[in-house]
Amino acid sequence: VDGNGNRVPGFDTCLLDLAVGGVPGPDRRATAFPFDRVNEEGILSPMHFAGHVLKLDGPNSRLTVLGHDEGARLPGTTYAWQGEVGNSHPVIGVSLGGVELDVRLDSGSDADLILPLEWMDRLDLVEEPFVAGTMQSASVTTKLFGARLAGVMELGPETRIESPFLLFADTRTPLL
């Protein structure tokens, strides 16, 4: 099943001795399934490196896995992993027009921020949401709706964006 609990055609396998940027991950179960995206070979979740320090560089769409020693020297605010051991994920605090929420860093998407559909009614938006495209997960394709926030988005304490363009989709959790 994918992150939304939907069945995915494919088979189970195992990732053995996998390292990213020299940081080893644990031997872990993985799902092999049909995947056809330009310049991508697959999806590797940050959850594979649960407990490691992940450095998010939002403006450059880059997530770096660091060793514990490197992570201890990073400046700025840190955020905890959420969830049970073996199924935890990194989160970051986001404020949307004063509404606070935790956003999961695990979408596999190249969009800046995707919110569940019900958030369209919870936020003060400049315009009526419109169909802005589609989102492909491992199991389904769903419509993406877009609208501009009437207010400020704060991503952690360092990033502040006036009237950002937000995306909404049929997902159970906010994704970054």
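Trainee: How many salt bridges does the structure hold, and how do I read one?

Mentor: There are 2 salt bridges in the structure. The general idea is that a side-chain nitrogen of Lys or Arg lies within 4 Å of a carboxyl oxygen of Asp or Glu. Before we go on, keep in mind that this is a predicted model, where local features need pLDDT of at least 70 and side-chain atom pairs count only at pLDDT 80 or more, while totals for chains, interfaces and linings use all residues. Residues are numbered from 1 along each chain as its sequence is written, and side-chain values use heavy atoms, with hydrogens and water left out.

Trainee: Fine. Which residue forms a salt bridge with glutamate 154?

Mentor: Arginine 160 does, and the closest N and O atoms are 2.8 Å apart. Arginine 160 also has a salt bridge with glutamate 162, this time with the closest N and O atoms at 3.8 Å. Through shared partners, Glu154, Arg160 and Glu162 end up in one network.

Trainee: Is arginine 160 buried or exposed?

Mentor: For that you need the cut-offs: buried is under 20% relative accessible area, exposed is over 50%, and partly exposed is in between (1.4 Å probe, protein chains only). Arginine 160 counts as exposed because its relative accessibility is 55%. Glutamate 162 is exposed too, at 56%, whereas glutamate 154, at 32%, is partly exposed.

Trainee: What about charges on the surface outside that network? Which residues gather in a patch of negative charge?

Mentor: Glu118, Asp121, Glu128 and Asp170 do. To join a patch, a residue needs over 30% relative accessible area and no salt bridge; like charges are then joined within 9 Å, and nonpolar side chains (Val, Leu, Ile, Met, Phe, Trp, Tyr) within 5 Å. Take glutamate 128 as the example: 68% relative accessibility makes it exposed.

Trainee: Where does glutamate 128 sit?

Mentor: Look in the loop between β10 (114–116) and β11 (130–136). Those labels are DSSP runs numbered from the N terminus: strands are E with at least two residues, helices H or I with at least four.

Trainee: Asp170 was in the patch. How far is aspartate 170 from threonine 142?

Mentor: Here you compare separation in sequence with separation in space: the pair is 28 residues apart in sequence and 6.8 Å apart in space, C-alpha to C-alpha. Threonine 142 belongs to strand β12 (residues 141–148) and is buried, at 17% relative accessibility.

Trainee: Now polar contacts. Which side chain does serine 95 contact?

Mentor: That of glutamate 100, at 3.2 Å. A polar contact is a pair of N or O atoms within 3.5 Å; within protein, one must be able to donate a hydrogen and the other to accept it, and residues adjacent in sequence count only if both atoms are side-chain atoms. Serine 95 is in strand β8 (residues 89–96) and buried, at 8%. Another case is threonine 171, whose side chain reaches the backbone oxygen of threonine 173 at 3.5 Å. You'll find threonine 171 in the segment after β15 (165–169), buried at 6%.

Key: Areas by Shrake-Rupley, 256 points an atom, 1.4 Å probe, with all protein chains shown as cover. Lys, Arg positive; Asp, Glu negative; His and termini not counted. Charge placed at Lys NZ, Arg CZ, Asp CG, Glu CD.
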